[in-house]
There are 2 protein chains.
Amino acid sequence: VSPPVLAVLGGTGSLGLALARRWSAAGIPVVIGSRDAARAAAAAAALGTELAGRPGHAPVRGTDNRRAARQADVVVVSVPYEALASTAEAVGGELAGKTVVSAVVPLRPPRTAVVWLPPAGSAAAELAMGLPDARVVAAFQNVAAAKLAVLDAPVRGDVLVCGDDRDAKAQVVDLAGRIGLRALDAGPLANAGVVEGLTALLIGLNRRHRATTSIEITGLDRSGP
Amino acid sequence: VSPPVLAVLGGTGSLGLALARRWSAAGIPVVIGSRDAARAAAAAAALGTELAGRPGHAPVRGTDNRRAARQADVVVVSVPYEALASTAEAVGGELAGKTVVSAVVPLRPPRTAVVWLPPAGSAAAELAMGLPDARVVAAFQNVAAAKLAVLDAPVRGDVLVCGDDRDAKAQVVDLAGRIGLRALDAGPLANAGVVEGLTALLIGLNRRHRATTSIEITGLDRSGP
């Protein structure tokens, strides 16, 4: 089975680019999307150069968010919360039936260490309301992008996956596993607000401890059930 | 300095009793509170018998929630969410100026693996609104009571401490440390909903994996700054 083509919208941001780097290095074709197609193309070209000597990597392309969404089987949304509504509007028509992964974290600068959630309860729930035909899953919000960005460096921390579509969740768990992250089914999309909100707590811990924190579930066998 | 006297309201429940057992074993005097004074007294007597041969333990008493709150310097509230409002009303007059620790988790049976938070955003925030003169801190919601209940067994998992009073938070961090739990300042009381909601995610993970899970923060030196 050939791997799915992934699009990472907001793929020039720190988390999006780190995910794109890891997935393409792991042999999964990635399309980086951005509001600015030229910026996405430049990021993809740089990533391609970086990966050129690396066996087993897959090609990376870059284009605007809408084209990126159209070309992909699974679409990861990694835009700032402020850009979520406009991004969903721009790409919505391309997402019917697709697995759409919200890595979006609602934050209210300058108080980014204080939990704030949108009226829908989470950015992921807000996205799902705007995309009734997509299979929206929430994941990757708590990953430390700075650590993920360094290929081959181990990344600690679990990915908590929330969603109402079992197959889409399984697909995301698999995609996380391909880049060395343990992903766990964390229940329905109604649980996504807690996972998004955790990021604000981690930001506060990072500041107070001058650290790069993430969360891990204890009490599970590493190999799973 | 003699340790503070602790009251654990709802101290006959599984988490409350496990906390009472650990604290009294660690030499901190505990008053178990319950709506039913006789039940609290019986639980305290049983705990006293259990600890009798153990060097360094402190006395445990049991009485009704109101008397327990009156006799204590720090009051841990570990009642079911459904009993929170009535408990706060019963004991409120005893809590002015005291540190009050909410270990309450709002759950909506039978869907206890789905996050549900009260209109105030968290049980702790709701409690704080009802107790304007107390120093309310949220903590201990994610601890696995079944593991905490077994004295001397190590308990993994971090305690995330949320509150708006710095001294009260430091007091709770210290109290957690005395029973071998690492506690971390997780920001203001506005962050408590995320910590409470995490419990629903852990309940779901426990079911799916037949496990007893908790959460841990990675990326910090164990000794902390």
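**View 1. Pro4(A) and the residues it touches.** Setting aside residues up to four places away in sequence, Pro4(A) touches Ile28(A), Pro29(A), Asp73(A), Val74(A) and Leu175(A). As you look around, please keep in mind that this is a predicted model. Pro4(A) itself belongs to the segment before strand 1 (6-9) of chain A.

**View 2. Where chain A meets chain B.** Here we turn to the contact between the two chains, to which chain A brings 35 residues and chain B brings 34 residues. About 2,800 Å² of area is buried between chain A and chain B, and carbon and sulfur atoms give 69% of that area. The rule also finds 9 residue pairs in polar contact across this interface. On the side of chain A that touches chain B, the elements giving two or more residues are strand 8 (182-185), helix 8 (192-209) and strand 9 (214-218) of chain A. Helix 8 of chain A gives the most to that side, with 9 residues. By kind, the residues on the side of chain A that touches chain B comprise 19 nonpolar, 11 polar and 5 charged.

**View 3. A salt bridge between the chains.** How many salt bridges are counted between chain A and chain B? The count is 2 salt bridges. The view to look for here is the meeting of the side chains of Arg208(B) and Asp185(A) in a salt bridge, at 3.8 Å from N to O.

View 4. Strand 9 of chain A pairs with strand 9 of chain B in the antiparallel sense, over 5 bridges. A handy place to start is Ile217(A), which stands opposite Ile215(B) in strand 9 of chain B.

View 5. Ser214(B) sits in strand 9 (residues 214-218) of chain B. Is Ser214(B) buried or exposed? Ser214(B) counts as buried because its relative accessible area is 4%, and buried means under 20%. Leaving aside neighbours within four places in sequence, Ser214(B) is in contact with residues of chain A, namely Glu216(A), Ile217(A) and Thr218(A), and with Asn142(B), Arg156(B), Gly157(B) and Leu202(B) of chain B. Take a closer look at Asn142(B): the backbone oxygen of Asn142(B) lies 3.1 Å from a polar atom of the side chain of Ser214(B).

Technical notes:
Residues are numbered from 1 along each chain as its sequence is written. Chains are lettered from A and ligands numbered from 1 in the order in which they are written. This is a predicted model: local features need pLDDT of at least 70, side-chain atom pairs count only at pLDDT 80 or more; totals for chains, interfaces and linings use all residues. Side-chain values use heavy atoms; hydrogens and water are left out. Helices (H or I, at least four residues) and strands (E, at least two) are DSSP runs, numbered from the N terminus. Buried means under 20% relative accessible area, exposed over 50%, partly exposed in between (1.4 Å probe, protein chains only). A polar contact is a pair of N or O atoms within 3.5 Å; within protein, one must be able to donate a hydrogen and the other to accept it, and residues adjacent in sequence count only if both atoms are side-chain atoms. Contact means heavy atoms within 4.5 Å. Buried area is the accessible area (1.4 Å probe) that two parts lose on being put together, summed over both. A salt bridge is a side-chain nitrogen of Lys or Arg within 4 Å of a carboxyl oxygen of Asp or Glu. Ala, Val, Leu, Ile, Met, Phe, Trp, Tyr, Cys and Pro count as nonpolar, Asp, Glu, Lys and Arg as charged, and the others, Gly among them, as polar. Two strands pair if DSSP finds at least two bridges between them.
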